Structure formats: C-alpha cells, structure tokens
Amino acid sequence: MGVFTILTRCIVQPLSVVDDELVPKVGMTFTTLEDAGKFYRNYAKAAGFSTRVRCTNRKGNEIKNQLIICTREGKLKSKISPTEKTNPTAGLNCPARIYIHTLKDVGAWIISKVVLDHSHSCCPSKAEMLKQHRELSMSIRRTIENNDEAGIRPSKTYQSFVAAAGGHRELNFIEKDVRNYITREVRNVSEQEDAKEFGKYLLRMKEKNPNFFFELELEEDQSIKLAFWADARSRATFEYFGDVISFDTTYNTNRYNLVCGSFVGVNHHGQSTLLGCSLMKNEEIESFKWLFQCWLCCMGGNAPKGFLTDQCASMKRALEACMPTTVHRWCIWHIMKKIPSKLNGYKGHADIEQQMSHVVWNSHSKDSFDRYWNDFLVNFGLADNKWLSDLYEDRHIWVPIYLDHHFWAGMRSTQRSESMHSFFNKYITRNSSLIQFVKQYDNCLGSREQAERELDAADFHTVIPCATKSSIEAQFQDAYTHAKFREVQAQFRGKANCITRLKNSALGYSVYEVGEQVSSSIFDKFAVTYDSVAAEVKCQCLLFESRGILCCHALSVLSFEQVSQVSPRYILERWSKKVKRQHTHIKSSHDEPLMEPRSKRFDQLVFRSQNICEFASESEELTAILHRAYDNVMAEMEALKAKRKGTSSLSHEDANLESVNELQSPPRIRTRGRPKNRLGSKLEKQIANATKKKKTKVLSELMRECYIQINLFDVASAAHSNYSQYQGQVINYQLRVTAAGDNSLGV
C-alpha cells in the first residue's frame with residue numbers, strides 16, 4: 001500500500017504555464033452553456049489536454065448543470081490479463097474538471113467548481129494532435145466532399161491540403177480525419193435510408209425537368225426489384241442516335257448485388273452516349289420484358305433498328321416479345337472469347353481457334369461461310385461438338401456476314417456498354433450505396449456531354465486538310481465531323497492497296513473485281529457494282545451498309561469511273577456536323593447536393609469572393625484595401641452576432657411522399673470470405689475458453705504476485721505515454737422529402 005501511495009503522488013502533475021485569462025476560475029459566468037464549454041476547450045488546448053462531458057443533469061427539457069472532465073479521467077478495468085491486452089488505453093484517474101450550473105434569476109451559467117491538477121503530463125505542443133482539437137473547417141469539408149465525388153483518393157486530397165498549407169505542421173487535422181469524414185459523413189447512408197434517398201433523388205430530378213423519366217418495380221415488402229431511369233437529354237438524344245443500341249448487364253457493383261444495365265448509342269462523333277440506366281435484382285425473362293417495355297415507353301414507343309446484347313437467352317426471348325421488328329445481334333467478342341475454354345480439350349486447339357476466327361471474319365457471303373464452316377468442322381473432327389452446333393444454328397444473330405447488311409454504326413460488340421461500366425469502376429465499390437451509384441451515373445452523363453461539346457466546338461472552329469486531291473474527299477470534309485472524316489480518309493488511303501478490274505458492263509451497270517493487298521502475297525477480292533444511272537455503288541464487304549462509311553473498294557471504283565461527286569445517299573446526316581440537334585441545348589441532369597443552408601451560403605460566398613481576391617492580389621495596395629474591408633466587415637458581423645446571441649431559427653420544406661418513405665432497400669448481399677471481425681459461434685467460444693483456462697491455470701497461480709507488481713509499474717509508465725484516442729463525429733443532416741398525391745412510383 002505504501003508503494004502505491006508513493007506512485008500516485010509522483011504522477012500528479014502541476015498545471016502547465018497558461019495565460020491567466022484562459023484559466024477557468026470559480027465564479028466565472030457565461031451567457032450560454034456552449035460558451036462555457038468552448039472556454040474550457042480553449043484552455044485545454046493551451047494546457048495540452050482534451051475534455052469531454054462527464055454528465056449533464058436536466059429538469060424536463062432544460063439543462064440544470066454539467067460536469068466537464070479531462071478525457072483521461074477513469075480507468076478501464078479489463079478482464080483480459082495485461083500480457084494479452086496490447087491496445088492502448090487513456091484512462092489514468094485524472095481529477096481535472098469544471099462544474100457548471102445555471103443561475104435562474106440571471107439566466108447565465110457559472111463555474112462553481114474547478115480542479116486544475118492532472119494525474120498525467122500535459123504537453124501543449126502536442127495538443128493539436130488530440131482528437132478534440134483537430135477540426136475540419138467548412139472549406140476543408142466542402143473540398144473533401146467534392147473530391148470524393150470526383151473520385152480523388154483521400155490520400156491525394158490530404159496531400160493537396162498539405163501542399164496548400166505549406167507542410168503537415170500547418171494543418172490542424174491529420175489524414176485519418178479526412179478518411180473518417182468520408183466514411184462517416186459523406187458515404188454514411190444506412191441501408192434503411194438508402195432506398196428512400198434513391199426515391200427522393202428520382203423525384204428531385206423530375207422536379208428539375210418534367211421530361212426526366214423513371215419507373216420502379218417493388219417486391220411485396222416494398223424493396224426495390226427493378227429500376228429504370230433516363231434524363232431529359234438522353235430522351236432527346238434518342239431521336240438522333242436511337243437507331244442502334246447496345247445493352248449490357250455484365251456490371252454488378254453495389255451492396256445489394258443489383259445488376260446494372262446501360263442502354264448505349266453512338267453519336268455523330270462515334271462516341272458512346274447514354275440512353276438510360278437500370279438496376280435489376282435478377283436476369284429473368286420477365287424482368288427483361290419489364291425493362292424493355294419501360295425503355296420503349298420512355299423513348300416514345302419507337303423501337304431501334306438494331307439491338308446489340310451479350311449471349312443471353314433471357315434477353316433474346318424478351319427482345320423477341322417486346323421488339324419483334326428489331327434486328328437482334330449477339331456480341332461477337334464474347335463468343336470468340338469463349339473459344340479457348342470451350343475447345344481447349346481438343347488436340348491442336350490453337351489451330352482450331354485460328355481457323356474458326358478466319359472462317360468467321362473472312363467469309364464474304366453466306367454461302368462461303370456455310371462452306372468454310374463445314375470444312376472447318378470436318379478437318380478438325382468437330383461435327384459432334386454441341387457448342388459449335390448451337391452457334392451454327394444461331395449464326396444469323398452473331399456472324400458478321402449475316403448481319404452487316406444492316407446498319408450498326410460500327411458496333412459489333414457490347415464493349416461500348418462495358419466501357420461505360422468501367423467509368424463506374426473508378427468511383428464505386430461492391431459496398432457502395434444506391435445513392436452513391438446514381439451520383440456517379442450523373443457524373444458519367446456530365447462527362448459524356450462535355451466530351452461531345454468539346455468535339456462539336458473543334459468541328460466548328462477547325463478543319464482537317466484533305467489527304468488527296470479528290471473532290472469526293474472534299475465533299476466528306478465539308479459535311480462530316482472530324483472523327484468520321486478521319487475514317488473516310490483511312491479508306492481513301494486504302495485505295496493505294498487496291499487494284500480495280502472491270503468484269504462486265506451493260507446499260508450503265510458495271511461489275512468490278514477489286515483486289516485489296518492485305519500482305520506481301522495475299523490479295524482479298526471483292527465484287528463491286530456501279531449503276532451510273534442511279535449513281536449507286538455497292539461493295540461485297542458491306543462496310544457502308546454496316547458502318548455508314550464508303551469503303552476503299554467502292555472509292556476505287558468511283559475513281560475508275562471518274563465520278564466527282566457521290567450521291568447524297570452516301571453522306572449520312574447521322575455523321576454530319578451541320579445538323580442542329582435539339583439534345584445539344586439540354587443539359588444533362590445532375591443532382592444538387594443536399595447541403596444544409598449554411599453550406600449553401602458558404603459555397604455562394606466562396607464563389608463570389610474568388611473574383612474579389614483575384615483582383616486584389618494584383619498589387620499590395622489593392623490587397624491592403626481588401627484587408628481593411630475584411631476587418632470592418634468582420635467587426636460588424638461579430639457585433640451583430642453578439643446582439644442576436646441566443647436566438648435560433650429553423651427552416652424546413654413542407655413535403656411528404658408516403659410511397660418513397662415506404663421504400664426498402666433490397667437485402668444486403670454478403671460476399672464470400674471470412675470477415676475480419678468474425679465473432680465465432682457460441683460453441684467455439686466455450687471450447688476456446690475451456691482450453692485457455694486449462695493452459696493458464698497453473699501459470700496464473702505462480703505469477704499472481706508478479707502481475708500485481710507489473711500492474712503497479714504500468715500505472716506509472718502509462719502516465720508518460722502519448723495520447724492517441726480517436727472519437728467519431730456525428731453530424732445531423734436535415735433530409736428533404738417531396739410530396740406526391742398518388743402511390744405510383746413510375747413517371
């Protein structure tokens with residue numbers, strides 16, 4: 001007992017040297033309880049410790065008194081032995097505290113008790129590293145939020161703050177605070193509120209632009225089963241680029257295992273453009289039917305001419321039911337990618353893959369494909385292979401020669417849809433919420449719009465020079481966008497590899513054989529017909545029919561015929577830079593962040609002050625004027641704030657939507673693998689405890705006295721350890737709810 005008393009007396013530390021004005025004293029009065037707490041926190045920072053509220057006594061809803069203590073008060077009594085417990089602890093029974101109570105008659109708060117002594121060392125120079133004294137200003141928080149939405153990693157965001165401040169020591173927060181703010185505040189959407197926020201997002205978009213379209217299919221428990229939405233710009237874009245659509249559902253990255261499907265078209269620059277997005281709980285035929293019907297309704301009931309998907313039987317059946325007149329095409333890339341896995345068991349599988357690719361890509365007629373395919377099966381003994389037999393039965397929806405007489409805008413695979421999905425991969429993880437996903441979809445829409453605007457401006461202000469003296473090339477130069485004109489120029493350059501020979505001619509109708517040299521000794525031969533009366537040229541390669549670009553074989557024949565201008569039918573408006581398209585005047589929908597009023601006012605002030613600061617920074621005189629203005633304004637605002645202290649205001653929006661508030665998130669899907677914080681079963685715990693007791697019984701009896709001594713010295717050593725306890729912040733957001741008169745979730 002004597003040793004313990006000596007140790008206790010040794011660890012009591014005197015008060016650090018602090019300005020007397022900051023030291024709390026009995027009898028000090030404050031206007032509000034918040035002012036008293038702030039005063040004690042400022043003192044704690046100057047003295048080198050941190051504080052917390054120990055207890056608060058209330059009478060009804062009114063606070064009567066409060067006890068604020070040092071965070072190192074108390075001591076955790078753990079049942080785990082010190083040899084096994086390695087996590088740091090902060091409690092050292094520190095007595096430092098202040099007691100505050102209200103004065104009824106005066107309406108103020110007074111300090112009635114003060115204890116300044118500590119049971120541990122206080123270091124003012126390290127106080128800034130304590131959690132309580134680290135803070136993120138509003139400017140820092142808004143930057144973190146914007147950077148997170150843009151996909152900038154927290155480490156890069158923190159390094160930008162360090163660079164702007166001039167070093168780590170100049171910041172009053174650490175990188176962990178940035179990460180905690182993102183995790184706890186920016187991305188902290190509970191599973192219960194996630195679906196509601198998703199529904200509110202759709203309604204906000206509808207309020208901003210009535211042409212925003214969405215539809216939801218719900219389960220019996222009101223959880224989301226299917227969802228589809230498209231903004232006003234996407235719906236207007238369909239009018240010009242809705243002839244060929246790529247749809248893909250190979251992307252799945254959210255906490256509910258909902259499959260993302262995107263409708264993608266090709267614009268006049270050859271860029272991918274989004275025409276709608278969906279989330280699906282399953283990939284059954286009825287789900288695809290529901291989705292395709294929603295999409296058709298959204299686009300005015302106009303089915304596209306061509307629809308490109310992966311090799312999915314459910315999609316095929318749904319498309320046949322919903323769009324019977326649309327030409328359906330399977331992604332050839334997915335099919336060809338399966339060859340190694342499907343034919344790997346055969347001898348000479350590498351030769352099989354090479355020969356199959358040759359048959360698929362180099363057949364220039366249906367008859368030649370059938371002949372080459374049969375020879376391929378016989379030569380490699382694959383006639384009994386079911387996979388190849390099924391592919392042959394479905395050849396009309398994946399083999400190029402069966403499909404290229406239709407227009408596909410250059411698409412043969414769903415990689416355009418997959419490239420859209422890769423955009424999300426930069427910002428979304430499998431633990432992402434629905435509201436995070438739709439925000440990134442907004443960003444994707446915005447990036448696609450901006451890319452189109454940039455190329456439109458380049459087409460308007462610049463000209464790509466012609467590569468030849470051909471007047472036909474000049475014709476395309478004047479009409480086509482830069483991206484498509486470059487494709488035309490590639491075909492003009494390809495004319496140098498072509499040899500044109502007239503086969504026969506009668507009454508203005510000529511048949512040519514054009515040999516294209518593809519290597520030093522290999523020529524591919526194509527039949528090209530030219531009708532001089534109708535000014536019509538057709539090539540066996542079907543490049544114009546499938547891509548809307550005249551091939552080098554046709555251009556070679558036109559040159560042979562000395563044609564100076566092609567018929568307008570070969571200059572598609574789809575690729576024209578002169579067409580004024582309505583969708584270019586519509587902005588992509590982008591959700592405004594649901595910020596508290598103070599954050600909105602802050603952003604507005606920062607935006608306006610940037611121009612002022614930029615102007616004032618031109619000279620020292622202008623900078624001095626601005627500094628004086630800042631001082632005067634600050635003094636005026638502080639005076640007004642002091643006068644209005646104690647008053648409060650509350651704003652809200654009278655809106656209510658029962659259908660959205662009843663929305664439930666789908667059940668969260670847990671991925672495979674043992675979680676890091678695995679608790680184990682009750683049986684496992686009982687077995688582990690029994691084994692542990694048996695092993696430690698003898699040791700605990702022999703070392704009991706040693707443990708007592710170790711614990712005594714641990715108290716002394718812990719008094720000098722660094723303090724590094726982190727606590728999470730909680731910020732309450734006021735959510736905005738919208739009203740509607742019906743229970744329909746489709747618009």
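This is a predicted model: local features need pLDDT of at least 70, side-chain atom pairs count only at pLDDT 80 or more; totals for chains, interfaces and linings use all residues.
Q: Where do I start? How many helices and strands does the protein have?
A: Start with the secondary structure. The protein comes to 26 helices and 16 strands.

Q: What share of the residues counts as buried?
A: Burial is read from relative accessible area, and under 20% counts as buried. Of the 747 residues in this protein, 41% are buried.

Q: What share of the contacts joins residues 24 or more positions apart?
A: Take the contacts with a separation of 6 or more. Residues 24 or more positions apart account for 65% of them.

Q: How do I read one residue in its surroundings? Where does W330 lie?
A: Look at its element, its burial and its contacts. W330 lies in strand 12. Its relative accessibility is 5%, so W330 counts as buried. Leave aside neighbours within four places in sequence. W330 then contacts residues including L308, D310, C312, I335, W398 and R412. W330 and T414 are 84 residues apart in sequence, and their C-alpha atoms are 8.4 Å apart in space.

Q: How many aromatic pairs does the whole structure hold?
A: A search of the whole structure finds 32 aromatic pairs. Take F292 and F307. Their ring centres are 5.5 Å apart and their planes stand at 70 degrees, so this pair is edge-to-face. The cut-off for that label is over 60 degrees.

Q: Which parts of the chain does that pair link?
A: Distant ones. F292 is in helix 8, residues 285–298, and F307 is in strand 11, residues 306–309. The two residues are 15 apart.

Q: Are F292 and F307 buried or exposed?
A: F292 is buried, at 0% relative accessibility. F307 is buried too, with a relative accessible area of 0%.

Q: What about a charge over a ring? Which residue lies over the face of W408?
A: Look for a Lys or Arg end above a ring face. R329 lies over W408, at 5.1 Å from the ring centre. In another case, the charged end of K484 sits over the ring of W575, 4.0 Å from its centre.

Q: R329 carries a charge. Which side chain does R329 meet in a salt bridge?
A: That of D404, at 3.4 Å from N to O. This pair also links distant parts of the chain. D404 is in the loop between helix 15 and helix 16, and R329 is in strand 12, 75 residues apart. D404 is buried, at 5% relative accessible area. R329 counts as buried as well, at 0%.

Q: How many salt bridges are there in the whole structure?
A: The search finds 22. One of them joins R52 and E73, with the closest N and O atoms 3.2 Å apart. R52 is in strand 2 and E73 is in the loop between strand 3 and strand 4, so the pair ties together parts 21 residues apart in sequence. R52 is partly exposed, at 29%. E73 counts as buried, at 18%.

Q: Where is another salt bridge, and how exposed is K25?
A: K25 forms a salt bridge with D20, with the closest N and O atoms 3.5 Å apart. K25 counts as partly exposed, at 33% relative accessibility.

Q: Which residues of helix 12 are buried?
A: I352, M356, V359 and V360. They cover an arc of only 95 degrees around the axis, which puts them on the same side of helix 12. Here is the general idea. An α-helix has 3.6 residues a turn, so residues three or four places apart point the same way.

Q: What do the buried residues of helix 12 pack against?
A: Helices 10, 11, 13, 14 and 15.

Q: Which residues are buried in helix 19?
A: Among them are H482, K484, F485, V488 and F492. What covers the buried residues of helix 19 includes helix 17, helix 18, strand 13, helix 20 and helix 21.

Note on methods:
Residues are numbered from 1 along each chain as its sequence is written. Side-chain values use heavy atoms; hydrogens and water are left out. Rings of Phe, Tyr and Trp (its six-membered ring) pair if their centres lie within 6.5 Å; planes under 30 degrees apart count as stacked, over 60 as edge-to-face and the rest as tilted. Helices (H or I, at least four residues) and strands (E, at least two) are DSSP runs, numbered from the N terminus. Buried means under 20% relative accessible area, exposed over 50%, partly exposed in between (1.4 Å probe, protein chains only). A charge sits over a ring if NZ of Lys or CZ of Arg is within 6 Å of the ring centre and within 35 degrees of the ring normal. The arc is that of the directions from the helix axis to the C-beta atoms. Contact means heavy atoms within 4.5 Å. A salt bridge is a side-chain nitrogen of Lys or Arg within 4 Å of a carboxyl oxygen of Asp or Glu.
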